[in-house]
Amino acid sequence: MTDLIALARQAVLYALPVYEMARMRASSSPRKDAQGVYADPQGGPDALGRWVNLFSHSRRLLNASDRRVVTPNNDTLYTNAWLDLSQGPVLIKTPDTGQRYYVLGLLDFYTNPFAHLGTRTTGNAAQTFFVHGPQWQGTVPVGCTAVACPTPTVWVLGRILASADEDMGPVHALQDAFAITTPDGQAAQRVSPCSVQPNELPGDAATFVRVVNHEMALNPPPARDRAELDQWAALGIGPGLPVPGNLDLLQKALTTTLQELDTPAEGDLQGGWRAAVEVQDNFNGDWFTRAHVARSYIGILGAQEVLYLLAFRDSDGLPLDGRRSYTLRFAPGGLPQVDAFWSLTLYRKSDYLFDDNPLQRYAIGDRTQGLTYDADGGLTLHFGHQAPAQMNNWLPAPAEPFYLALRLYLPGQVHQHHRYHYPAIAATSP
């Protein structure tokens, strides 16, 4: 029985990212297109039809009113599309973004960030990408850059650098210039049904198994995972399998695994920080990390593009809580070293989202206006629900548990080679 419990846990860890991707597609693929045409006009608010092969854009930086993406950033405008390559390749056309940082991160249906298009990898000039699925064979059109995708369903999650105080008109114009077409230049958008509602959290084993088995049939797992999948088939998890009659074991595994993933981990770096989630283009069999990321930080990019450091505890090992106050001090000359920008963002632990606050400030970083530096040139930041004397450097927290995310866009070698000393998160009140 112990072996079966361990097997069920392993199957749940493997399949959870698939379920969360299905939820994200239902949440973030558009119900209607630019002309206001609904993908499923007869189905009402619970309809599962969505447009695919069509960009949609956030027109403002995300804030406390947004609830679709967990651990969102407050530094970039999101440009979003879900591709269905089962009927053939598409072209993604990008504009010249000048000096403005952007990236299109491509994730397969198992949350692997297998490709990055943009400033770091392909530059800011206008380009055309020929994006195809795993079964496609043929000749790439002249003037196009080929992008091979591991699964037919792909999430394109783009980020374009923006500031809250700038004129968004030019940024919106850039967003509108991103396009997805068929290889012959026609609109590629079409309707595709989702398999789950965005608010159906992965707590019910029957729904979980139904969704992941359906989605794995549409997006076959890599061949290297075949041996494990053959073992899990006896439990009822696998591409296209029916939902088994007895789900007691899987229900228990699902419940306990979700609790395990939601338990704050100890910091493994000094000062309360956890080491960065470092995936290049594939999680390479680290299914626990992949499931943890899918549960809490789905949509992260590869480590050469962005490093994400997280803190759930202070330098004494106690959980961060807004009812206490904290400081974090970068020594003179000790700010993060990046080729794009860095930011420190604060979230409620209860739901992984921004908390509304009187300053409407959700992140603080190297582009924040009005920061006050210490007399020696260092920088001290403040966190907590109670406003400090130095409010310019304050990132407000809710009066409840919270966590921090430090994002390093185009991180320098000192970060990639783990030579940077991250400053301690020090409690200043009991």
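Predicted model: local features only at pLDDT ≥ 70, side-chain atom pairs only at ≥ 80, totals over all residues.
Trainee: How do the residues lining the second largest cavity divide into nonpolar, polar and charged?

Mentor: Five are nonpolar, three polar and two charged. Here Ala, Val, Leu, Ile, Met, Phe, Trp, Tyr, Cys and Pro count as nonpolar, Asp, Glu, Lys and Arg as charged, and the others, Gly among them, as polar. Residues are numbered from 1 along each chain as its sequence is written, and side-chain values use heavy atoms, with hydrogens and water left out.

Trainee: What makes something a cavity, and what makes it a pocket?

Mentor: Picture a 1 Å grid over the protein atoms alone: a cavity is a set of points where a 1.4 Å probe fits but cannot get out, while a pocket is an open set with protein on both sides within 12 Å along at least five of seven lines. A lining residue has an atom within 4 Å of a point. For that second largest cavity, ten residues line the space, and Leu 261, His 292, Phe 312, Lys 349 and Tyr 352 lie nearest its centre. Its volume is about 40 Å³, a volume being the space filled by probe spheres set on the points, with grid points joined across faces, edges and corners.

Trainee: How many cavities of 30 Å³ or more does a search of the whole structure find?

Mentor: Two. The largest cavity holds about 140 Å³ of space. It is lined by 18 residues, and Thr 71, Tyr 297, Ile 300, Tyr 308 and Arg 407 are the closest to its centre. By class, that lining has 13 nonpolar, three polar and two charged residues.

Trainee: Which strand supplies the largest share of that lining?

Mentor: Strand 19, with three residues. Strand 9 (153-161), strand 13 and strand 19 (402-411) each give at least two. Helices (H or I, at least four residues) and strands (E, at least two) are DSSP runs, numbered from the N terminus.

Trainee: What about the largest pocket, how much volume does it have?

Mentor: About 720 Å³. Of its 34 lining residues, Pro 30, Phe 55, Ser 56, His 57 and Asn 80 are the closest to the centre. Among the elements giving two or more residues are helix 1 (2-28), strand 3 (76-84) and helix 2 (169-177). Strand 10 gives the most, three residues. The classes come out as 15 nonpolar, twelve polar and seven charged.

Trainee: And which residues lie nearest the centre of the second largest pocket?

Mentor: Leu 61, Asn 74, Ala 164, Ala 363 and Thr 368, out of 22 lining residues. Strand 15 (338-348) and strand 16 (363-365) are the elements that give two or more, with strand 16 giving the most, three residues. About 530 Å³ of space lies in this pocket.

Trainee: Why is the contact between Asp 314 and Arg 324 called a salt bridge?

Mentor: The rule asks for a side-chain nitrogen of Lys or Arg within 4 Å of a carboxyl oxygen of Asp or Glu. The closest N and O atoms of Asp 314 and Arg 324 are 3.2 Å apart, so the pair qualifies. Both residues sit in the loop between strand 13 (306-311) and strand 14 (326-330), so the bridge ties together parts that are ten residues apart in sequence. The rule gives 18 salt bridges in the count.

Trainee: How do you know that Arg 348 is buried?

Mentor: Buried means under 20% relative accessible area, exposed over 50%, partly exposed in between (1.4 Å probe, protein chains only). Arg 348 has 11%, so it counts as buried.

Trainee: What makes the chain as compact as a globular protein of its length?

Mentor: The chain has seven helices and 20 strands. Its radius of gyration is 22 Å, close to the 22 Å from the globule rule for 430 residues, so it is as compact as a globular protein of that length. The radius is taken over C-alpha atoms, and the rule is 2.2 Å times the number of residues to the power 0.38. Of the 430 residues, 56% count as buried.
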